[in-house]
Amino acid sequence: MSFFARFAQNRGALIGLIILLLIIVMAILAPLLFPESPWRMVQRPFLPPLSQEGFLLGTDTMGRNVAAGLMHGAWVSLLIGLVSTSVALLIGVPLGAIAGYYGGLVDDFLMRFTEFFQTIPNFALAIVLVAIMQPSITSIVLAIALVSWPPVARLVRAEFMSLRHREYVEAARLVGQTNSTIILRQILPNTLSPIIVLASLMVATAILLESALSFLGLGDPNVMSWGYMIGAARTVIRQAWWLSFFPGVAILLTVLALNLVGEGLDDALNPKLSRER
Amino acid sequence: MVYARLILMRLLKAVIVLLLIVIFNFFLIQMAPGDPAAILAGEAGAADQEFINQLRERFGLDQPMYVQLWRYVSGIVMLDFGYSYRLGVPVFDLIMDRLPATLLLTGTAFVLSLVLGIVAGSMAAARVKKPSGSLIMALALVFYATPLFWVALMSVLVFSVYLGWLPAYGLYTVGAGYTGFALVLDIAQHLILPATTLALFFMAIYTRMTRTSMLDAAQQDFVKTARAKGLKPSVIQRRHILRNALLPIITLAGLQAGQMVGGAILTETVFAWPGIGRLMFEALQQRDYNLLLGIFFFSAALVIVFNIFTDLVYRLADPRIKGAS
Amino acid sequence: MPVTTDSATEHSSAETVLSIRDLSVALPKGADRALAVEDVSYDVNRGEIMCVVGESGSGKSMAANTVMGLLPKGVHPVQGEVNFLGQNVITLPEKQHRALRGLKIGMIFQEPMTALNPLMRVGAQIAEVFEAHGQLTPKQRQERALELLIEVGIPQPEKAISAYPFELSGGQRQRVMIAMALALEPVLLIADEPTTALDVTTQAQILELIRDLQRRRGMAVMFITHDFGVVAEVANRVCVMRHGKIVEIGEAKDVLENPQNPYTKALIAAIPSNAVPPHRETSQVAPLLEIKQLNKVFRSRGGWFKSAREVRALDDISLTLARGETMGIVGESGSGKSTLGRCVVRLEHPDSGELLLDGVNLSQLKGDALRRERHRVQMIFQDPYASLNPRTRVGMAIAQGPMANGTPKAAALKQAGELLDLVGLGASAVERFPHEFSGGQRQRIGIARALALNPELIVADEAVSALDVSIQAQVLELLEELKQRLSLSLLFITHDLRVAAQICDRIVVMQHGRIVEQGSAEQIFLHPKEAYTQSLLDAIPGRQAPVAATA
């Protein structure tokens, strides 16, 4: 069975993929459909949804178009989710690989280090880091990456530890392959499936983290994001429910879609381990 | 005896971790924008350079870095977290004042999510491939994917604004002057929305984990042995499968403690719950870095204490581990 | 121990406990065949041990699981009857079927390490059997549990009753399983490969126990195994299965001494010979490998408050292997035999001592210096499924060694093709992935990989233990042939004395990290000097039993 056929067997995963594609399309179309800055005040404030032509989702407290904010926000969410996950992988994969392959004192040290980061409450750490570094896309990406790499390191370490005594790896050592060849050619390719699955779930978590940071007012002040929209509308929830409702639905759908895709990938990449549904 | 040794060892480890966090905090404060002396001077209403220098001397800010670090660390050992720049109150007092509300909220949410999650997860595991089981898992996935702060806002909107069933803000009704049982009841009412909101996300996690773990345990050889004895399915489910499935859940609960702190910050912010999470939000808004880092340290300490607790529970639950590190 | 086959005639007239008629069991869609077993019929009588024997995939456990109602999900009977004490259990409602389990039918399984609940005390797990059938008071259940533990011969039963499974050895756990299965004095005991996971001496004890209990209680026993040695040891009657069908059934004595079906003949012939190993000329030329006072201690690292534990895996080992010689290292688990092999190929670093290969000391080499010498000693691994990288094509897996030592890729791949030819797989296998091959074929690939570097010495670590007997024989034959052709020297590590006898010139017996005895294969088999060697020989299942003469 081909990879996609196995993936598509999971109906949820297929739905997730479709939602995700729609959101990506939204992000791409944002500058075309709403070329103006989403921060521009274009109408009178507190316009309810569907009450005026061209303002499908109404306007916010400052008279900005909610639909425009939503579409531009998609871009920010996906960007931050992807970049911060990549950075987290860049930290976690090498650390986990080295710790798991070499073991011993190296492993001890690296794992204490990882545990340290895992003990610190990660959202609180992210808040502190962004607050100190000042909110910007870079600081947000860095903060999210810094709090989300430990699970990667642990996963990769566990995989390496179980694979390094696998007989084919020992055979590779016996025929004289170097450690770097063994790590890169023999072990790493066999750990990719769980890493890919974890990464897709991490993008989802990163999007949640970013929205929570922006909600608390720690978003990049130059970009419109879903979390910021909800945070700014928090105090006017009684007057204008739609201001927090729609961005929330957007976050929910994106995160849900990524989780569904992640589960589908898990089923498709690890057919033996796939859970019964 | 084994436990005493174990606790001692874990406490030692905890002290090292906390010390590292303190050092980490110190360097973060150094990185924080703005000169603390200038800020303090500004607060006092005088901004001339001489006064700033005086302040700098008084607070030791003119000392070399390692002296400052030593002072900072030894201060924290004496539970001196410095002053809140904005409120002019010791950080430690502020936190102690707010801590009970947070413990009440997170404790309730933790128990609620664990119990409901395990129940829902076991139900889903027993109903694999049935619509009811799939429904539980779909709901769990949705709760897992929903931003906590948004659930909080929406529940305010529905249960408080539209339905008017429950109070939306605060710990108790201000000015009502309730005492005794009436006060407990009032607080309980105020607790329902925030605790449920906070619990939903974690309940989703425990539900998913319980189901996976139970399905794994059901595959184990000893379950076949139990069936070969002629035991009833319900007994096998409870005594053999669930008990073994609970072990990874205890581990997970320990790992989730840090997440709980994050959740509390968001929940308390929305529901104006007077705990340290709300305090953190306030510190953030006022860029009160000393207070911010004090809360950060405290939340880490709470997580560590909770981790030690789950570790002990795990050891009680699993006879195979005896005082090993 | 001789088998009591003398009462065979008595059994045939005895009461039939279990009668299986025309049973077919379907596998789920997508399995490699439609029916797990097809048209199977046999009886199990009171007072006899019926052995169902077959290789992996023969469907030998299916009937037993049908009797128990423990078939895996998606597997279900489609035809026939399984009559237990006159009731057809296939049509029996689950609740009534459950009432039979544990009460009238007891079962023990292959893996004693995982068959007990790790979180429950042994006594509580035995008491559960009484509870399941509403018998006795809680206090009485504990008393009975203790009596049962005494009956199955657990050392220190008063302590064992409140122990957790992890505190017991594999053999002890299997005794607990037997105590549980026999708690309610069932009419039928089903034993599904109960000794396969155990060491040979433990296996002998457990077999003795089962036989003894069966005789004392007059139960019917259905004994499932893959090992004809075990069959010879315990069976009254035998049913040989292959691909889900019965190929031969009859009195144990008849089948073993005079098998009719060619497959049964082949299986019995494939059992490593129990006869005296052939005398081999060992030309004592210059030694290839000299091991001098080799030591290796494993330390479990202690925590801050925990003392470290030490296991002496190798205790002052010295031996010499001549060029062109095959030396067997034999021992039970924990004897240090694998550690010795891993030290010789330098997957482990010995603590002290010398490993002289043609005069060069390999024992203290490290890093690049070690890597450059590695090609001289190669290894064949135990698990054919774990020894090949699932993502690497077979040709590449073999070529990687020469390439790491400087051979250009094209030449290395060409050589890989030739080697695959040599081990009987054909050069076309180069392009294929490991999952396209069976276990025996993969083991051939592993041999080709070991040969690729023209090693002076090959260490084979339990190289045939994971294979079915018939495949085992083929792989051993291949090794023997290659050894002659390429004049290889072989260090053959195994737990199975029978296998060692078949291929080795000399044998070294190890226990607790020490060499107990060494000598020519003939010597070890006929005139063992040490009591431990004798006990290992005695424990070989079916050694004294009549088995069809083999070449």
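C:Ile49 stands opposite C:Val221 in β8(C), in a model that is predicted throughout. The two strands concerned, β3 (residues 49–53) and β8 (residues 220–225) of chain C, pair in the parallel sense over five bridges.

This pair belongs to an open sheet of six strands in chain C, which has the order β6-β7-β8-β3-β9-β10 and mixed pairing. The edges are held by β6 (105–108) and β10 (245–251) of chain C, and because each of these has a single partner strand, one side of each is left without a neighbour in the sheet. Averaged over the sheet and with direction ignored, neighbouring strands are turned by 15° against each other. Helix α7 (residues 170–182) of chain C packs on the sheet, where the helix touches β6 and β7 (188–192) of chain C, and the direction of α7 makes about 170° with that of β6(C).

| Element of chain C | Residues |
|---|---|
| β3 | residues 49–53 |
| β6 | residues 105–108 |
| α7 | residues 170–182 |
| β7 | residues 188–192 |
| β8 | residues 220–225 |
| β10 | residues 245–251 |

Next comes the contact between the chains, to which chain B gives 21 residues and chain C gives 27 residues. On the side of chain B that touches chain C, at least two residues are supplied by each of α1 (2–31), α9 (221–228) and α10 (233–271) of chain B, and the largest share, six residues, comes from α9(B). By class, this side of chain B divides into six nonpolar, seven polar and eight charged residues.

Within chain B, the domain assignment gives domain 1 (1–78) and domain 2 (99–317), and the C-alpha centres of these two domains of chain B lie 33 Å apart. Twelve residues of domain 1 of chain B are in contact with ten residues of domain 2 of chain B, and the side of domain 1 that touches domain 2 has ten nonpolar residues, one polar residue and one charged residue.

As to confidence, the model scores ipTM 0.87 and pTM 0.86, while chain C averages a pLDDT of 87, with 92% of the residues scoring at least 70. Over residues 1–13 of chain C, however, pLDDT stays under 50, and the model has 14 contacts beyond four places in sequence for this stretch. Where pLDDT is low, the predicted coordinates should not be read in detail.

Key
Residues are numbered from 1 along each chain as its sequence is written. Chains are lettered from A and ligands numbered from 1 in the order in which they are written. This is a predicted model: local features need pLDDT of at least 70, side-chain atom pairs count only at pLDDT 80 or more; totals for chains, interfaces and linings use all residues. Domain bounds come from an automatic or database domain assignment. Two residues are in contact if their C-beta atoms, placed from the backbone, lie within 7 Å. Ala, Val, Leu, Ile, Met, Phe, Trp, Tyr, Cys and Pro count as nonpolar, Asp, Glu, Lys and Arg as charged, and the others, Gly among them, as polar. Two strands pair if DSSP finds at least two bridges between them. Helices (H or I, at least four residues) and strands (E, at least two) are DSSP runs, numbered from the N terminus. Axes are lines fitted to C-alpha atoms, for helices over the stretch in contact, and angles run from 0 to 180 degrees between N-to-C directions. pLDDT is the predictor's confidence in each residue, from 0 to 100.
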